[in-house]
Amino acid sequence: MDKKSFETISLIDGLHSTPSRRYLSDTPIPDEIIWNIIDAAIRGPSGGNKQGWVWMVIRDKNTKTKIAHWYLKNWNKVYGIRRKEILSGIDDDALGPKNFLSADHLANHIQDAPLWIIPVLRDVADSQDPRVGSSIYGAVQNLMLAARAYGIGSTLTALHSTNETQIKSLLNLPDDALTMAIIPLGYPVKGRWSQPKRKSVEEVTYWESWNVKRDRAKY
Ligand SMILES: Cc1cc2nc3c(=O)[nH]c(=O)nc-3n(C[C@H](O)[C@H](O)[C@H](O)COP(=O)(O)O)c2cc1C
């Protein structure tokens with residue numbers, strides 16, 4: 001696909017075929033596409049339409065390398081130390097062996113992704129509201145789907161958050177701001193736009209009252 005053209009598939013097909021893509025080339029992403037995908041992101045919802053967000057575009061190698069160092073340390077602390085157990089299945093972490101390997105690859109190469117977008121939310125740094133992220137994650141998903149339309153893969157990551165203070169200082173963020181994710185983006189070099197594996201829709205859908213399930217096959 002030409003780098004600036006986008007793929008036309010149905011919205012439903014796109015929703016069903018946008019897994020995390022963690023094996024990415026370092027081929028640069030044109031500015032025009034960066035604008036387009038952020039312009040799609042900001043069409044997403046926010047409480048009271050406050051749009052208290054900023055979308056940080058990060059391409060600087062030094063910045064990425066610094067943050068990547070923290071990211072890898074956190075990855076190793078949370079997942080890396082369980083490598084053998086997760087890969088052998090003794091540790092049945094929901095991530096699973098295949099995603100573990102791709103997440104491990106990303107943790108070791110995140111700085112090579114040509115573009116990071118860091119969604120930042122204002123006035124929430126001290127928030128105790130468990131729903132605070134709802135005013136940006138819809139827009140984040142828009143961003144990842146828009147990227148997919150241009151053949152660009154992405155992953156919503158959050159392992160940087162332990163180093164929030166250092167990252168805020170590195171990027172000159174105001175005190176009230178919170179980084180809500182780091183999204184590394186790039187043209188995929190491995191894997192497919194396959195349907196992500198999930199629990200079945202029947203298992204996670206309750207009708208009218210807790211635990212009341214229906215068999216979809218009847219409809
Ligand atoms: C809140 C949140 C934090 C996440 N953090 C990371 C992360 O730090 N690193 C990573 O590789 N993936 C991260 N992910 C991606 C999940 O691992 C991914 O959504 C899940 O495994 C499903 O992947 P799939 O859509 O490819 O099936 C995160 C996702 C969410 C929603």
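These legends describe close-up views of a predicted model.

**Figure 1. The largest nonpolar core.** This core holds 39 residues. Ile 37, Leu 143, Ala 147, Ile 183 and Leu 185 touch the most other members. At least two core residues come from each of H2 (31–41), H3, H5 (96–109) and H6 (137–149), all helices. Strands E2 (115–121) and E5 (183–186) also supply at least two each. In soluble globular proteins, nonpolar side chains tend to be buried together.

**Figure 2. Contacts of Leu 143.** Neighbours within four places in sequence are left out of this view. Leu 143 is listed with Ile 37 and Ile 183 among the core residues that touch the most other members.

**Figure 3. Helices H2 and H6 where they cross.** Two packed helices are described by the angle between their axes and the distance between the axes. For H2 and H6, the axes come within 7 Å. They cross at roughly 145°. The crossing is right-handed. H2 contributes Asn 36, Ile 37, Ile 38, Ala 40 and Ala 41 to the contact. From H6 come Ala 139, Val 140, Asn 142, Leu 143, Ala 146 and Ala 147. By class, the H2–H6 contact has nine nonpolar and two polar residues, and no charged ones.

**Figure 4. Ala 68 in helix H3.** Helix H3 spans residues 61–78 and includes Ala 68. Ala 68 counts as buried because it has 23 C-beta neighbours inside 10 Å, and the cut-off for a buried residue is 20 or more. Residues up to four places away in sequence aside, Ala 68 touches Ile 110 and Gln 111. Asn 142 is 74 residues from Ala 68 in sequence. Their C-alpha atoms are 24 Å apart in space.

**Figure 5. The shell around the ligand.** The ligand is surrounded by 14 residues. The closest are Pro 19, Ser 20, Thr 157, Leu 159 and Pro 196. Eight residues of the shell are nonpolar, four are polar and two are charged.

Figure 6. Most residues other than glycine have a negative phi, and most peptide bonds are trans. Phi of Asn 49 is near 55°, a positive value. Asn 49 sits in the loop between H2 and strand E1 (53–58). It counts as exposed, because 7 C-beta neighbours lie inside 10 Å. For Asp 123, phi is near 60°, again positive. Asp 123 belongs to the loop between E2 and H6. Asp 123 counts as partly exposed, with 13 C-beta neighbours inside 10 Å.

**Figure 7. Ser 134 in the loop between E2 and H6.** Ser 134 is exposed because 12 other C-beta atoms lie within 10 Å, and a residue with 12 or fewer is exposed. Pro 45 is 89 residues away from Ser 134 in sequence. In space, the two are 8.3 Å apart, C-alpha to C-alpha.

**Figure 8. Lys 199 in the loop between E5 and helix H8 (201–204).** With 8 other C-beta atoms within 10 Å, Lys 199 is exposed. Leu 143 lies 56 residues from Lys 199 along the chain. The C-alpha atoms of Lys 199 and Leu 143 are separated by 24 Å.

Conventions:
Residues numbered from 1 in each chain as written. Predicted model: local features only at pLDDT ≥ 70, side-chain atom pairs only at ≥ 80, totals over all residues. Helix = DSSP H or I, 4+ residues; strand = E, 2+ residues; numbered from the N terminus. Contact = placed C-beta atoms within 7 Å. Core = buried A, V, L, I, M, F, W, Y, C linked by C-beta atoms within 7 Å. Near = placed C-beta within 6 Å. Nonpolar A, V, L, I, M, F, W, Y, C, P; charged D, E, K, R; others polar. Axes fitted to C-alpha atoms, helices over the stretch in contact; angles between N-to-C directions. Left-handed = near helix turned anticlockwise from the far one by under 90°.
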